[in-house]
Structures are given as C-alpha cells and as structure tokens.
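Here are my notes on the model you asked me to look over.

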Amino acid sequence: QAQLVESGGGSVQAGGSLRLSCAASIRTFRSYFMGWFRQAPGKEREFVAVTNWDGWRVLYQDSVKGRFTISRDNVKNTVYLQMNSLKSEDTAVYYCAADSIIPLSAWATAPYRSLEVWGQGTLVTVSS
C-alpha cells in the first residue's frame, strides 16, 4: 500500500534553513509526480512545489520561488524540499503528496483532495 512519510521539520529563526524529506513506499515511484503542500493554522492547504517523473521539471508557488528547491531521488524513492531564507509566514504543517494522473501545470490549481497519496505532515515553525 502506498505510503509517504515526511521528516525534517522543526523550529528555526527567520532567515534560517530546513530540509524536508519524504520517503515513499510506492512500487512505481517514478510514475508519480511528487510535490509539497502546506497548511498554516486556520488556513486552507496550499500548493508549494511539484516535480515530474525525472525531477527536471519543477513548479513553485510564487511566494517560495528563489527560496525553496524541490528535488527527488528515484533510487532512494525520496523527494526533498530545501527551504532557505525562511520567513514567519512559512510556518505551517508541510505535507508530501504523490499523484500519477494530474498534469504538472495543474497542481497549483487542482483541488488538493484529488491527489492520490498523502503523508501525515511535518511541522515547520519559523520564529521572527
């Protein structure tokens, strides 16, 4: 059964960095686009970043462009989110997601509930 497990969350000061990892127990990992969403307290879950099968195509939410980098390792079945220059507004629970159907360009607007597989989330807290 497909499962995603996030790790790497924690508490950092504004301007600091964190690297999130998502270990995927998926038989055909390379067949899935992998991405990250986040949900701040009292707000809806929002798209952060996504990468395609080989990791060469990426898409980011405007607010994280230039600060966050998504990457994947298809040998280790793991997707990463390197977060630099963190801001207090980045504070949220970060969720890893996987989907084999939704086009890359549609991840930013498609209902998040339509994605096939979700992790349990990892909390990132940025203090100012």
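1. One cut-off first: a residue counts as buried when its relative accessible area is under 20%, exposed when it is over 50%, and partly exposed in between. Also keep in mind that this is a predicted model.

2. With that cut-off, take Arg-67, which sits in the loop between strand E6 (58–60) and E7. Is Arg-67 buried or exposed? Its relative accessibility is 11%, so this arginine counts as buried. Leaving aside residues up to four places away in sequence, Arg-67 touches Gln-82, Met-83, Asn-84, Ser-85, Leu-86, Lys-87 and Asp-90.

3. Ser-85, one of those contacts of Arg-67, deserves a look of its own. This serine is in the loop between E8 and E9 and has a positive phi of about 50° although it is not a glycine. Ser-85 is partly exposed, at 41% relative accessible area. Asn-77 is another non-glycine residue with a positive phi, near 55°, and it lies in the loop between E7 and E8.

4. Now the open sheet. Four strands make it up, in the order E1-E3-E8-E7, and the pairing is antiparallel. Strand E1 (3–7) and strand E7 (68–73) are the edges, each pairing on one side only. On average, neighbouring strands here are turned by 15° against each other, ignoring direction.

5. Inside that sheet, E3 (residues 18–25) and E8 (residues 78–83) run antiparallel and are joined by six bridges. If you want a place to start looking, Ala-23 stands opposite Thr-78 in E8.

6. How many disulfides does a search of the whole structure find? There is one, and it joins Cys-22 to Cys-96 with an S to S distance of 2.1 Å. Cys-22 belongs to strand E3 and Cys-96 to strand E9 (residues 92–99), so the bond ties together parts that lie 74 residues apart in sequence. The torsion about the S-S bond is about -85°, which means that the disulfide is left-handed. Both Cys-22 and Cys-96 are buried.

7. Strand E4 (33–39) is worth a slow look. Six of its seven residues are buried, so E4 is largely enclosed by the rest of the structure. E4 pairs with E9 in the antiparallel sense over seven bridges, and five bridges join E4 to E5, again antiparallel. Phe-37 shows both pairings: this residue stands opposite Tyr-95 in E9, and its bridge partner in E5 is Phe-47. The E4 and E5 hairpin has six residues between the strands, and Gly-42 takes a positive phi near 75° there.

8. Last, the packing. The largest nonpolar core has 28 residues, and Leu-4, Met-34, Trp-36, Leu-81, Met-83 and Tyr-94 touch the most other members. At least two residues of this core come from each of E3, E4, strand E5 (46–51), E7, E8, E9 and strand E11 (122–127). Another core, of 10 residues, lies apart from the largest one, and its members include Phe-47, Val-50, Ala-97 and Leu-104.

Note on methods: Residues numbered from 1 in each chain as written. Predicted model: local features only at pLDDT ≥ 70, side-chain atom pairs only at ≥ 80, totals over all residues. Heavy atoms only, no water. Pairing = 2+ DSSP bridges. Axes fitted to C-alpha atoms, helices over the stretch in contact; angles between N-to-C directions. Disulfide = S-S within 2.5 Å. Buried < 20%, exposed > 50% of the residue type's maximum accessible area, 1.4 Å probe, protein only. Contact = heavy atoms within 4.5 Å. Core = buried A, V, L, I, M, F, W, Y, C linked by side-chain atoms within 4.5 Å.
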